[in-house]
Amino acid sequence: MVTEANPVLGERLTPPKDRLGQDPVPADVAYQLIHDELLLDGSARLNLATFVTTWMEPQARQLMAECVDKNMIDKDEYPQTAELERRCVAILADLWHAPFADRATGCSTTGSSEAGMLAGLALKRRWAARVNDRTRRPNLVMGANVQVCWEKFCRYWDVEPRIVPMTGERYHLDAEQAVARCDDDTIGVVAILGSTFDGSYEPIAEIAAALDELAGAGGPDVPIHVDGASGAMIAPFLDPDLRWDFRLPRVASINTSGHKYGLVYPGVGWVLWRDSDALPAELIFNVSYLGGNMPTFALNFSRPGSAVIAQYYTLFRLGRNGFRAVQQAARDVATFLSGEIGAMPEFRLITRGDELPVFAFTTADGVTGWDVFALSRALRERGWQVPAYTFPADRQDLSVLRIVCRNGFSHDLADLLLADLRAAVDNLNADRRPGTASGPSGFRH
Ligand SMILES: Cc1ncc(COP(=O)(O)O)c(C=O)c1O
(Lines give C-alpha, C1' and ligand atoms only; values in the text may rest on other atoms or scores of the structure.)
Protein backbone atom coordinates (compact mmCIF):
# COMPACT_ATOMS: atom_id res chain seq x y z
CA MET A 1 0.00 0.00 0.00
CA VAL A 2 1.52 3.31 -1.03
CA THR A 3 -0.59 6.25 0.07
CA GLU A 4 0.00 9.65 1.56
CA ALA A 5 -0.65 8.19 4.97
CA ASN A 6 1.17 4.93 4.67
CA PRO A 7 1.60 3.77 8.26
CA VAL A 8 4.58 1.69 7.14
CA LEU A 9 6.31 4.89 6.06
CA GLY A 10 5.70 6.32 9.48
CA GLU A 11 3.18 9.03 8.65
CA ARG A 12 0.55 9.34 11.33
CA LEU A 13 -3.03 10.07 10.37
CA THR A 14 -5.70 9.41 12.94
CA PRO A 15 -9.29 8.92 11.83
CA PRO A 16 -11.72 11.24 13.63
CA LYS A 17 -12.98 9.74 16.87
CA ASP A 18 -15.21 12.46 18.28
CA ARG A 19 -15.33 15.49 16.01
CA LEU A 20 -15.18 16.12 12.30
CA GLY A 21 -11.69 16.60 10.87
CA GLN A 22 -10.81 19.96 9.35
CA ASP A 23 -9.76 18.90 5.86
CA PRO A 24 -10.60 16.10 3.45
CA VAL A 25 -8.27 13.13 3.19
CA PRO A 26 -7.62 11.18 -0.01
CA ALA A 27 -10.23 8.49 -0.66
CA ASP A 28 -7.59 5.72 -0.70
CA VAL A 29 -6.38 6.76 2.73
CA ALA A 30 -9.86 6.94 4.23
CA TYR A 31 -10.70 3.57 2.70
CA GLN A 32 -7.54 1.86 3.93
CA LEU A 33 -7.71 3.14 7.49
CA ILE A 34 -11.36 2.22 7.91
CA HIS A 35 -10.77 -1.14 6.24
CA ASP A 36 -7.92 -1.82 8.64
CA GLU A 37 -9.95 -0.89 11.73
CA LEU A 38 -12.62 -3.33 10.64
CA LEU A 39 -10.10 -6.17 10.73
CA LEU A 40 -10.86 -6.17 14.45
CA ASP A 41 -14.39 -7.43 13.79
CA GLY A 42 -14.89 -11.16 14.04
CA SER A 43 -15.39 -13.14 10.84
CA ALA A 44 -19.08 -13.06 9.91
CA ARG A 45 -18.93 -16.59 8.49
CA LEU A 46 -17.61 -17.98 11.79
CA ASN A 47 -20.28 -16.13 13.73
CA LEU A 48 -22.53 -18.95 14.87
CA ALA A 49 -24.44 -16.52 17.08
CA THR A 50 -26.27 -14.71 14.33
CA PHE A 51 -29.37 -15.76 12.44
CA VAL A 52 -28.58 -13.19 9.79
CA THR A 53 -27.32 -14.19 6.36
CA THR A 54 -23.54 -14.09 6.01
CA TRP A 55 -23.16 -15.58 2.54
CA MET A 56 -24.81 -14.77 -0.78
CA GLU A 57 -23.88 -15.57 -4.34
CA PRO A 58 -21.71 -13.07 -6.22
CA GLN A 59 -24.60 -12.35 -8.59
CA ALA A 60 -26.75 -11.27 -5.65
CA ARG A 61 -23.94 -9.03 -4.38
CA GLN A 62 -23.68 -7.50 -7.84
CA LEU A 63 -27.40 -6.77 -8.02
CA MET A 64 -27.28 -5.22 -4.55
CA ALA A 65 -24.33 -3.03 -5.52
CA GLU A 66 -26.17 -1.93 -8.67
CA CYS A 67 -29.23 -0.92 -6.64
CA VAL A 68 -27.60 0.54 -3.56
CA ASP A 69 -28.65 4.04 -4.63
CA LYS A 70 -32.35 3.25 -4.91
CA ASN A 71 -34.63 4.44 -2.16
CA MET A 72 -37.37 1.91 -1.53
CA ILE A 73 -39.87 4.63 -0.72
CA ASP A 74 -39.59 6.35 -4.12
CA LYS A 75 -42.09 4.00 -5.67
CA ASP A 76 -42.99 6.49 -8.37
CA GLU A 77 -39.37 6.85 -9.48
CA TYR A 78 -38.46 3.20 -9.12
CA PRO A 79 -41.65 1.46 -10.16
CA GLN A 80 -39.89 -1.79 -11.02
CA THR A 81 -38.37 -2.02 -7.55
CA ALA A 82 -41.89 -1.51 -6.20
CA GLU A 83 -43.12 -4.27 -8.51
CA LEU A 84 -40.43 -6.66 -7.22
CA GLU A 85 -41.55 -5.89 -3.66
CA ARG A 86 -45.16 -6.64 -4.66
CA ARG A 87 -44.08 -9.95 -6.20
CA CYS A 88 -42.22 -10.91 -3.00
CA VAL A 89 -45.35 -10.20 -0.92
CA ALA A 90 -47.49 -12.27 -3.29
CA ILE A 91 -45.01 -15.16 -3.25
CA LEU A 92 -44.85 -15.15 0.57
CA ALA A 93 -48.66 -14.97 0.79
CA ASP A 94 -48.86 -18.07 -1.40
CA LEU A 95 -46.12 -19.82 0.58
CA TRP A 96 -47.97 -19.11 3.83
CA HIS A 97 -51.36 -20.14 2.43
CA ALA A 98 -53.08 -16.76 2.60
CA PRO A 99 -56.74 -17.27 1.71
CA PHE A 100 -56.57 -14.66 -1.05
CA ALA A 101 -52.95 -14.74 -2.15
CA ASP A 102 -53.78 -12.58 -5.15
CA ARG A 103 -55.00 -9.86 -2.80
CA ALA A 104 -52.10 -10.24 -0.41
CA THR A 105 -51.78 -7.50 2.16
CA GLY A 106 -48.26 -6.88 3.33
CA CYS A 107 -45.04 -4.98 2.90
CA SER A 108 -41.30 -5.13 3.27
CA THR A 109 -39.64 -3.69 6.36
CA THR A 110 -36.10 -3.27 7.65
CA GLY A 111 -36.38 -6.55 9.56
CA SER A 112 -38.63 -8.55 11.85
CA SER A 113 -38.50 -5.92 14.59
CA GLU A 114 -40.19 -3.30 12.42
CA ALA A 115 -42.50 -5.99 11.03
CA GLY A 116 -43.48 -6.93 14.59
CA MET A 117 -44.17 -3.28 15.47
CA LEU A 118 -46.53 -2.97 12.50
CA ALA A 119 -48.30 -6.26 13.24
CA GLY A 120 -48.63 -5.32 16.91
CA LEU A 121 -50.05 -1.92 16.00
CA ALA A 122 -52.65 -3.56 13.78
CA LEU A 123 -53.65 -5.86 16.66
CA LYS A 124 -53.85 -2.94 19.06
CA ARG A 125 -55.95 -0.87 16.66
CA ARG A 126 -58.38 -3.74 16.07
CA TRP A 127 -58.80 -4.21 19.82
CA ALA A 128 -59.30 -0.45 20.36
CA ALA A 129 -62.00 -0.35 17.69
CA ARG A 130 -63.69 -3.34 19.36
CA VAL A 131 -63.72 -2.12 22.98
CA ASN A 132 -63.96 1.61 22.22
CA ASP A 133 -62.97 2.57 25.78
CA ARG A 134 -59.84 4.67 26.33
CA THR A 135 -59.69 3.88 30.05
CA ARG A 136 -58.74 0.25 29.40
CA ARG A 137 -55.19 -0.99 28.95
CA PRO A 138 -54.43 -3.55 26.26
CA ASN A 139 -52.18 -6.56 26.86
CA LEU A 140 -50.22 -8.94 24.66
CA VAL A 141 -49.61 -12.58 25.64
CA MET A 142 -46.26 -14.20 24.83
CA GLY A 143 -43.61 -16.56 26.17
CA ALA A 144 -40.57 -15.38 28.13
CA ASN A 145 -38.56 -16.61 25.14
CA VAL A 146 -39.79 -13.80 22.86
CA GLN A 147 -37.19 -11.75 21.09
CA VAL A 148 -36.67 -8.34 22.67
CA CYS A 149 -38.58 -6.62 19.83
CA TRP A 150 -41.87 -7.70 21.46
CA GLU A 151 -40.94 -6.19 24.80
CA LYS A 152 -39.96 -3.07 22.88
CA PHE A 153 -43.30 -3.05 21.11
CA CYS A 154 -45.11 -3.19 24.44
CA ARG A 155 -43.03 -0.41 25.94
CA TYR A 156 -43.16 1.90 22.93
CA TRP A 157 -46.89 1.48 22.30
CA ASP A 158 -48.06 1.24 25.91
CA VAL A 159 -49.26 -2.35 25.92
CA GLU A 160 -48.96 -4.59 28.98
CA PRO A 161 -46.69 -7.54 28.21
CA ARG A 162 -48.19 -10.74 29.67
CA ILE A 163 -45.16 -12.96 29.74
CA VAL A 164 -45.42 -16.69 30.36
CA PRO A 165 -42.29 -17.77 32.24
CA MET A 166 -40.37 -20.91 31.38
CA THR A 167 -40.72 -23.76 33.78
CA GLY A 168 -38.96 -27.11 34.12
CA GLU A 169 -38.28 -28.47 30.64
CA ARG A 170 -40.84 -26.13 29.01
CA TYR A 171 -38.76 -23.49 27.28
CA HIS A 172 -41.50 -21.80 25.24
CA LEU A 173 -45.18 -20.88 25.20
CA ASP A 174 -47.83 -23.60 25.31
CA ALA A 175 -51.57 -23.53 24.68
CA GLU A 176 -52.67 -23.89 28.29
CA GLN A 177 -50.45 -21.07 29.57
CA ALA A 178 -51.36 -18.77 26.68
CA VAL A 179 -55.11 -19.16 27.14
CA ALA A 180 -54.84 -18.76 30.90
CA ARG A 181 -53.51 -15.22 30.43
CA CYS A 182 -56.06 -13.98 27.87
CA ASP A 183 -58.89 -11.65 28.78
CA ASP A 184 -61.09 -9.06 27.06
CA ASP A 185 -58.14 -6.66 26.80
CA THR A 186 -55.79 -9.11 25.09
CA ILE A 187 -54.93 -7.72 21.67
CA GLY A 188 -53.30 -10.98 20.59
CA VAL A 189 -51.02 -13.89 21.34
CA VAL A 190 -47.54 -13.87 19.81
CA ALA A 191 -46.48 -17.40 18.89
CA ILE A 192 -42.95 -17.99 17.69
CA LEU A 193 -41.68 -20.20 14.89
CA GLY A 194 -39.10 -20.80 16.24
CA SER A 195 -37.64 -19.65 19.47
CA THR A 196 -34.55 -17.46 19.46
CA PHE A 197 -33.30 -19.20 22.58
CA ASP A 198 -33.20 -22.79 21.37
CA GLY A 199 -34.65 -23.01 17.84
CA SER A 200 -37.79 -24.87 18.95
CA TYR A 201 -41.16 -24.31 17.28
CA GLU A 202 -44.00 -23.20 19.54
CA PRO A 203 -47.14 -25.35 19.15
CA ILE A 204 -49.06 -22.82 17.08
CA ALA A 205 -51.88 -25.13 15.96
CA GLU A 206 -52.48 -26.16 19.59
CA ILE A 207 -52.48 -22.54 20.73
CA ALA A 208 -54.95 -21.70 17.93
CA ALA A 209 -57.22 -24.62 18.87
CA ALA A 210 -57.21 -23.60 22.54
CA LEU A 211 -58.06 -20.01 21.60
CA ASP A 212 -60.86 -21.30 19.32
CA GLU A 213 -62.23 -23.20 22.29
CA LEU A 214 -62.00 -20.12 24.51
CA ALA A 215 -63.91 -18.00 21.97
CA GLY A 216 -66.40 -20.84 21.35
CA ALA A 217 -67.19 -20.93 25.07
CA GLY A 218 -68.09 -17.21 25.03
CA GLY A 219 -64.62 -15.99 26.06
CA PRO A 220 -62.53 -13.37 24.25
CA ASP A 221 -61.83 -13.90 20.55
CA VAL A 222 -58.05 -13.46 20.50
CA PRO A 223 -56.05 -13.38 17.25
CA ILE A 224 -52.57 -14.87 16.84
CA HIS A 225 -49.57 -13.15 15.34
CA VAL A 226 -46.89 -15.61 14.26
CA ASP A 227 -43.35 -14.35 14.70
CA GLY A 228 -41.76 -16.45 11.99
CA ALA A 229 -38.56 -14.38 11.94
CA SER A 230 -36.65 -17.56 11.10
CA GLY A 231 -39.15 -20.40 10.84
CA ALA A 232 -41.49 -18.84 8.29
CA MET A 233 -38.76 -19.47 5.72
CA ILE A 234 -37.92 -22.96 7.03
CA ALA A 235 -41.24 -24.69 7.72
CA PRO A 236 -42.81 -24.14 4.25
CA PHE A 237 -39.93 -26.11 2.71
CA LEU A 238 -39.00 -28.66 5.35
CA ASP A 239 -42.24 -29.14 7.31
CA PRO A 240 -44.97 -28.63 4.69
CA ASP A 241 -47.58 -30.52 6.75
CA LEU A 242 -47.05 -28.46 9.88
CA ARG A 243 -50.04 -26.16 10.29
CA TRP A 244 -48.71 -22.88 11.65
CA ASP A 245 -49.66 -20.29 9.01
CA PHE A 246 -52.77 -18.75 7.42
CA ARG A 247 -54.25 -22.25 7.14
CA LEU A 248 -55.20 -21.62 10.77
CA PRO A 249 -58.04 -19.07 10.61
CA ARG A 250 -56.92 -17.59 13.93
CA VAL A 251 -53.57 -16.48 12.50
CA ALA A 252 -54.06 -12.81 11.64
CA SER A 253 -50.53 -11.89 10.61
CA ILE A 254 -47.04 -13.30 10.11
CA ASN A 255 -43.62 -11.72 9.99
CA THR A 256 -40.30 -13.02 8.79
CA SER A 257 -36.77 -11.69 8.40
CA GLY A 258 -35.75 -11.85 4.76
CA HIS A 259 -32.23 -11.44 6.09
CA LYS A 260 -32.38 -14.64 8.16
CA TYR A 261 -33.53 -17.85 6.48
CA GLY A 262 -34.87 -15.71 3.62
CA LEU A 263 -31.17 -15.89 2.69
CA VAL A 264 -30.58 -12.18 2.06
CA TYR A 265 -27.95 -9.88 3.55
CA PRO A 266 -29.36 -7.41 6.11
CA GLY A 267 -31.74 -5.61 6.26
CA VAL A 268 -35.06 -6.79 4.99
CA GLY A 269 -38.13 -8.17 6.73
CA TRP A 270 -41.71 -8.88 5.75
CA VAL A 271 -45.09 -8.66 7.40
CA LEU A 272 -48.29 -10.02 5.91
CA TRP A 273 -51.91 -9.94 7.06
CA ARG A 274 -54.33 -12.71 6.20
CA ASP A 275 -56.70 -10.19 4.54
CA SER A 276 -57.44 -6.50 4.52
CA ASP A 277 -59.78 -6.90 7.54
CA ALA A 278 -56.77 -7.81 9.70
CA LEU A 279 -55.03 -4.53 8.82
CA PRO A 280 -57.11 -1.51 9.85
CA ALA A 281 -57.30 0.90 6.93
CA GLU A 282 -56.56 3.93 9.10
CA LEU A 283 -53.00 2.68 9.65
CA ILE A 284 -52.23 3.01 5.96
CA PHE A 285 -51.03 6.41 4.89
CA ASN A 286 -51.70 7.57 1.38
CA VAL A 287 -48.77 9.83 0.80
CA SER A 288 -48.75 12.22 -2.08
CA TYR A 289 -45.10 12.25 -2.99
CA LEU A 290 -43.17 13.49 -6.00
CA GLY A 291 -46.20 13.29 -8.21
CA GLY A 292 -47.41 9.86 -7.10
CA ASN A 293 -50.02 8.62 -4.64
CA MET A 294 -48.50 5.95 -2.51
CA PRO A 295 -50.06 3.80 0.23
CA THR A 296 -47.46 3.11 2.93
CA PHE A 297 -47.37 1.37 6.26
CA ALA A 298 -43.90 1.65 7.77
CA LEU A 299 -42.20 3.25 10.74
CA ASN A 300 -39.47 4.91 8.72
CA PHE A 301 -39.52 6.51 5.31
CA SER A 302 -36.32 6.09 3.30
CA ARG A 303 -34.48 2.77 3.17
CA PRO A 304 -32.39 0.91 0.65
CA GLY A 305 -34.14 -0.95 -2.15
CA SER A 306 -31.19 -3.29 -2.64
CA ALA A 307 -32.19 -5.82 0.05
CA VAL A 308 -35.72 -6.14 -1.35
CA ILE A 309 -34.27 -6.69 -4.82
CA ALA A 310 -31.90 -9.30 -3.40
CA GLN A 311 -34.90 -11.03 -1.80
CA TYR A 312 -36.60 -11.27 -5.16
CA TYR A 313 -33.35 -12.60 -6.66
CA THR A 314 -33.21 -15.34 -4.01
CA LEU A 315 -36.85 -16.35 -4.49
CA PHE A 316 -36.45 -16.41 -8.29
CA ARG A 317 -33.06 -18.10 -8.23
CA LEU A 318 -33.88 -20.92 -5.81
CA GLY A 319 -37.55 -21.69 -6.31
CA ARG A 320 -39.19 -24.20 -3.95
CA ASN A 321 -36.72 -26.98 -4.62
CA GLY A 322 -33.69 -24.74 -4.23
CA PHE A 323 -34.98 -23.37 -0.92
CA ARG A 324 -35.76 -26.89 0.27
CA ALA A 325 -32.22 -28.04 -0.60
CA VAL A 326 -30.54 -25.09 1.14
CA GLN A 327 -32.66 -25.32 4.29
CA GLN A 328 -32.33 -29.12 4.42
CA ALA A 329 -28.56 -28.78 4.20
CA ALA A 330 -28.62 -26.38 7.17
CA ARG A 331 -30.84 -28.78 9.15
CA ASP A 332 -28.60 -31.73 8.25
CA VAL A 333 -25.54 -29.88 9.54
CA ALA A 334 -27.41 -28.87 12.71
CA THR A 335 -28.66 -32.38 13.50
CA PHE A 336 -25.25 -33.89 12.70
CA LEU A 337 -23.52 -31.45 15.05
CA SER A 338 -26.11 -31.84 17.81
CA GLY A 339 -25.82 -35.64 17.52
CA GLU A 340 -22.04 -35.52 17.94
CA ILE A 341 -22.15 -32.99 20.77
CA GLY A 342 -25.02 -34.82 22.51
CA ALA A 343 -22.92 -38.00 22.46
CA MET A 344 -20.12 -36.31 24.42
CA PRO A 345 -20.35 -37.05 28.15
CA GLU A 346 -19.78 -33.39 28.98
CA PHE A 347 -23.00 -32.14 27.38
CA ARG A 348 -26.79 -32.33 27.52
CA LEU A 349 -28.82 -31.19 24.54
CA ILE A 350 -31.70 -28.76 25.03
CA THR A 351 -32.75 -29.01 21.37
CA ARG A 352 -31.49 -31.01 18.38
CA GLY A 353 -31.71 -28.52 15.48
CA ASP A 354 -34.49 -30.53 13.84
CA GLU A 355 -36.93 -27.59 13.83
CA LEU A 356 -34.97 -24.40 13.17
CA PRO A 357 -31.45 -25.51 12.20
CA VAL A 358 -30.42 -24.11 15.57
CA PHE A 359 -29.70 -25.98 18.76
CA ALA A 360 -28.77 -25.27 22.34
CA PHE A 361 -26.83 -27.41 24.77
CA THR A 362 -25.57 -27.17 28.29
CA THR A 363 -23.02 -28.98 30.43
CA ALA A 364 -24.03 -32.36 31.82
CA ASP A 365 -24.45 -32.95 35.54
CA GLY A 366 -21.05 -33.68 37.02
CA VAL A 367 -19.06 -31.24 34.86
CA THR A 368 -17.18 -29.05 37.28
CA GLY A 369 -14.36 -26.55 37.02
CA TRP A 370 -15.59 -24.99 33.77
CA ASP A 371 -18.89 -23.95 32.26
CA VAL A 372 -20.47 -22.91 28.96
CA PHE A 373 -19.01 -19.41 29.29
CA ALA A 374 -15.46 -20.81 29.58
CA LEU A 375 -16.07 -23.01 26.54
CA SER A 376 -17.42 -20.06 24.56
CA ARG A 377 -14.23 -18.12 25.38
CA ALA A 378 -12.04 -21.09 24.42
CA LEU A 379 -13.76 -21.43 21.04
CA ARG A 380 -13.15 -17.73 20.40
CA GLU A 381 -9.44 -18.41 20.43
CA ARG A 382 -9.93 -20.25 17.15
CA GLY A 383 -12.24 -17.54 15.76
CA TRP A 384 -15.57 -19.33 16.41
CA GLN A 385 -18.23 -17.14 17.91
CA VAL A 386 -20.58 -19.42 19.82
CA PRO A 387 -22.53 -17.42 22.38
CA ALA A 388 -23.20 -18.65 25.89
CA TYR A 389 -26.17 -17.11 27.66
CA THR A 390 -28.60 -17.62 30.49
CA PHE A 391 -32.26 -18.49 29.91
CA PRO A 392 -35.00 -16.02 30.98
CA ALA A 393 -37.51 -16.29 33.85
CA ASP A 394 -38.00 -18.76 35.51
CA ARG A 395 -35.00 -20.76 34.22
CA GLN A 396 -32.19 -18.30 34.92
CA ASP A 397 -30.41 -21.24 36.52
CA LEU A 398 -29.86 -22.67 33.02
CA SER A 399 -26.94 -21.43 30.89
CA VAL A 400 -26.44 -22.78 27.39
CA LEU A 401 -24.42 -22.50 24.21
CA ARG A 402 -26.37 -21.98 21.00
CA ILE A 403 -25.27 -22.81 17.46
CA VAL A 404 -27.11 -21.32 14.47
CA CYS A 405 -26.46 -23.28 11.25
CA ARG A 406 -26.96 -21.20 8.13
CA ASN A 407 -26.42 -21.32 4.40
CA GLY A 408 -22.64 -21.37 3.92
CA PHE A 409 -21.90 -23.25 7.15
CA SER A 410 -20.91 -26.45 5.40
CA HIS A 411 -20.33 -29.97 6.72
CA ASP A 412 -16.62 -29.28 6.31
CA LEU A 413 -16.77 -26.20 8.57
CA ALA A 414 -18.95 -28.17 11.00
CA ASP A 415 -16.26 -30.89 11.17
CA LEU A 416 -13.65 -28.24 11.94
CA LEU A 417 -15.85 -26.71 14.64
CA LEU A 418 -16.33 -30.13 16.18
CA ALA A 419 -12.60 -30.82 16.25
CA ASP A 420 -11.97 -27.45 17.90
CA LEU A 421 -14.78 -28.01 20.37
CA ARG A 422 -13.39 -31.43 21.36
CA ALA A 423 -9.91 -29.97 21.77
CA ALA A 424 -11.26 -27.11 23.87
CA VAL A 425 -13.15 -29.53 26.13
CA ASP A 426 -10.00 -31.68 26.54
CA ASN A 427 -8.08 -28.58 27.55
CA LEU A 428 -10.73 -27.38 29.95
CA ASN A 429 -10.88 -30.83 31.55
CA ALA A 430 -7.07 -30.97 31.73
CA ASP A 431 -6.80 -27.46 33.17
CA ARG A 432 -8.84 -28.39 36.20
CA ARG A 433 -6.59 -31.38 37.00
CA PRO A 434 -3.62 -30.21 39.11
CA GLY A 435 -0.34 -29.98 37.19
CA THR A 436 -1.84 -30.34 33.71
CA ALA A 437 -2.46 -26.71 32.71
CA SER A 438 -2.04 -26.30 28.99
CA GLY A 439 -0.11 -23.06 28.80
CA PRO A 440 -1.13 -19.56 27.96
CA SER A 441 -3.17 -20.22 24.83
CA GLY A 442 -5.25 -22.88 26.56
CA PHE A 443 -5.53 -24.62 23.20
CA ARG A 444 -3.78 -27.77 22.01
CA HIS A 445 -4.11 -29.66 18.76
C1 LIG B 1 -38.05 -14.80 16.88
C2 LIG B 1 -37.43 -13.48 16.50
N3 LIG B 1 -38.22 -12.40 16.35
C4 LIG B 1 -37.72 -11.20 15.99
C5 LIG B 1 -36.37 -11.02 15.78
C6 LIG B 1 -35.85 -9.67 15.36
O7 LIG B 1 -35.52 -9.73 14.01
P8 LIG B 1 -34.72 -8.60 13.21
O9 LIG B 1 -33.32 -8.74 13.64
O10 LIG B 1 -34.96 -8.99 11.78
O11 LIG B 1 -35.32 -7.28 13.55
C12 LIG B 1 -35.50 -12.12 15.93
C13 LIG B 1 -34.05 -11.96 15.76
O14 LIG B 1 -33.26 -12.84 16.07
C15 LIG B 1 -36.05 -13.38 16.29
O16 LIG B 1 -35.28 -14.47 16.44
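1. The shell around the ligand has 4 nonpolar, 8 polar and 1 charged residues. In total, 13 residues surround the ligand. Gly-111, Ser-112, Ser-113, Gln-147 and Ala-229 are the closest. Note that this is a predicted model.

2. Next, the packing of helix H2 against helix H9. H2 covers residues 58-66, and H9 covers residues 306-342. Their axes come within 8 Å and cross at roughly 150°. Angles over 145 degrees count as roughly antiparallel, and H2 and H9 are therefore roughly antiparallel to each other. The crossing of H2 and H9 is right-handed.

3. The residues behind that crossing can be named. H2 contributes Ala-60, Leu-63 and Met-64. H9 contributes Ser-306, Ile-309, Ala-310, Tyr-313 and Thr-314. By class, the contact of H2 with H9 divides into 6 nonpolar and 2 polar residues, with no charged ones.

4. H9 also packs with helix H11, residues 411-431. Here the axes come within 10 Å and cross at roughly 20°. Angles under 35 degrees count as roughly parallel, so H9 and H11 are roughly parallel to each other. The crossing of H9 and H11 is right-handed.

5. The contact of H9 with H11 uses Val-333, Phe-336, Leu-337 and Glu-340 from H9. From H11 come His-411, Ala-414 and Leu-418. The classes in this contact are 5 nonpolar, 1 polar and 1 charged.

Technical notes. Residues are numbered from 1 along each chain as its sequence is written. This is a predicted model: local features need pLDDT of at least 70, side-chain atom pairs count only at pLDDT 80 or more; totals for chains, interfaces and linings use all residues. Axes are lines fitted to C-alpha atoms, for helices over the stretch in contact, and angles run from 0 to 180 degrees between N-to-C directions. Helices (H or I, at least four residues) and strands (E, at least two) are DSSP runs, numbered from the N terminus. Angles under 35 degrees count as roughly parallel, over 145 as roughly antiparallel, 65 to 115 as roughly perpendicular and the rest as oblique. A crossing is left-handed if the near helix is turned anticlockwise from the far one by less than a right angle, and right-handed if clockwise. Two residues are in contact if their C-beta atoms, placed from the backbone, lie within 7 Å. Ala, Val, Leu, Ile, Met, Phe, Trp, Tyr, Cys and Pro count as nonpolar, Asp, Glu, Lys and Arg as charged, and the others, Gly among them, as polar. A residue is near a molecule or strand if its C-beta atom, placed from the backbone, lies within 6 Å of it.
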